[in-house]
Amino acid sequence: NIRKLIKDGLIIRKPVVIHSRFRVRRNAIARRKGRHTGPGKRKGTANARMPVKVLWMRRQRVLRRLLKKYRDSKKIDKHLYHALYLKCKGNVFKNKRTLMEHIHKKKADQARSKQLSD
């Protein structure tokens, strides 16, 4: 009778085998520091790992958000906004900083030309 053997302690349940996540967590911390990510660890193409389209969409959203913010706060007029919007779409600005520099330059030029005309 198996129930009797279990009760007597002759048959015992084996403990659940532990599947530790320790090494995984330790590796994840190392990866955050940039370890284990060299060319030998990569399987997919650069585009498969971080698609160019995703980077493009992120950049467009950042630049367009900045343009809208500047237009709403009256830092740029609607004409400059439209010109810069099309330039953003045409891949002229590689990041937010270059766009801001361009805006400051344009505003300085406008102020200078206005002063000269006066």
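1. Ground rules. This is a predicted model in which local features need pLDDT of at least 70 and side-chain atom pairs count only at pLDDT 80 or more, while totals for chains, interfaces and linings use all residues. Residues are numbered from 1 along each chain as its sequence is written, and side-chain values use heavy atoms, with hydrogens and water left out.

2. A salt bridge here is a side-chain nitrogen of Lys or Arg within 4 Å of a carboxyl oxygen of Asp or Glu. The count by this rule is 4 salt bridges. One of them joins the side chains of K4 and D8, at 3.2 Å from N to O. K4 and D8 stand 4 residues apart in helix α1 (residues 2-8), a separation of about one helical turn. Helices are DSSP runs (H or I, at least four residues), as are strands (E, at least two), numbered from the N terminus. D8 has 45% relative accessibility and counts as partly exposed; the classes are buried under 20% relative accessible area, exposed over 50%, and partly exposed in between, with a 1.4 Å probe and protein chains only.

3. R97 and E101 form a salt bridge at 3.7 Å, N to O. Both belong to helix α6 (residues 96-117) and are 4 residues apart, about one turn of the helix. R97 is exposed, at 56% relative accessible area, whereas E101 is partly exposed, at 44%. Further along the numbering, D109 and R112 form another salt bridge, at 3.0 Å, N to O. These two also lie in α6, 3 residues apart, again about one turn of the helix. D109 is partly exposed at 38%, and R112 is partly exposed at 47%.

4. Length and start of α6. Helix α6 has 22 residues and runs 32 Å from its first C-alpha to its last, close to the 32 Å expected at 1.5 Å a residue. The expected span is 1.5 Å times one less than the number of residues. At the N-terminal end, N95 caps α6, with a side-chain oxygen 3.2 Å from the backbone nitrogen of R97.

5. The ring centres of Y81 and Y85 lie 5.8 Å apart and the planes meet at 40°, so the pair is tilted. Rings of Phe, Tyr and Trp (its six-membered ring) pair if their centres lie within 6.5 Å, and planes under 30 degrees apart count as stacked, over 60 as edge-to-face and the rest as tilted. Y81 and Y85 are both in helix α5 (residues 78-89), 4 residues apart. Y81 is buried, at 9% relative accessibility, and Y85 is partly exposed, at 23%.

6. A charge over Y81. The charged end of R71 sits over the ring of Y81, 4.1 Å from its centre. The rule asks for NZ of Lys or CZ of Arg within 6 Å of the ring centre and within 35 degrees of the ring normal.

7. Positive phi values. H36 has phi near 60°, a positive value in a residue other than glycine. H36 is placed in the loop between α2 (22-32) and α3 (46-49) and is partly exposed, at 37% relative accessible area. N91, also not a glycine, has a positive phi near 65°. N91 lies in the loop between α5 and α6 and is partly exposed, at 47%.

Key
Polar contact = N/O pair within 3.5 Å; in protein donor to acceptor, adjacent residues only side chain to side chain.
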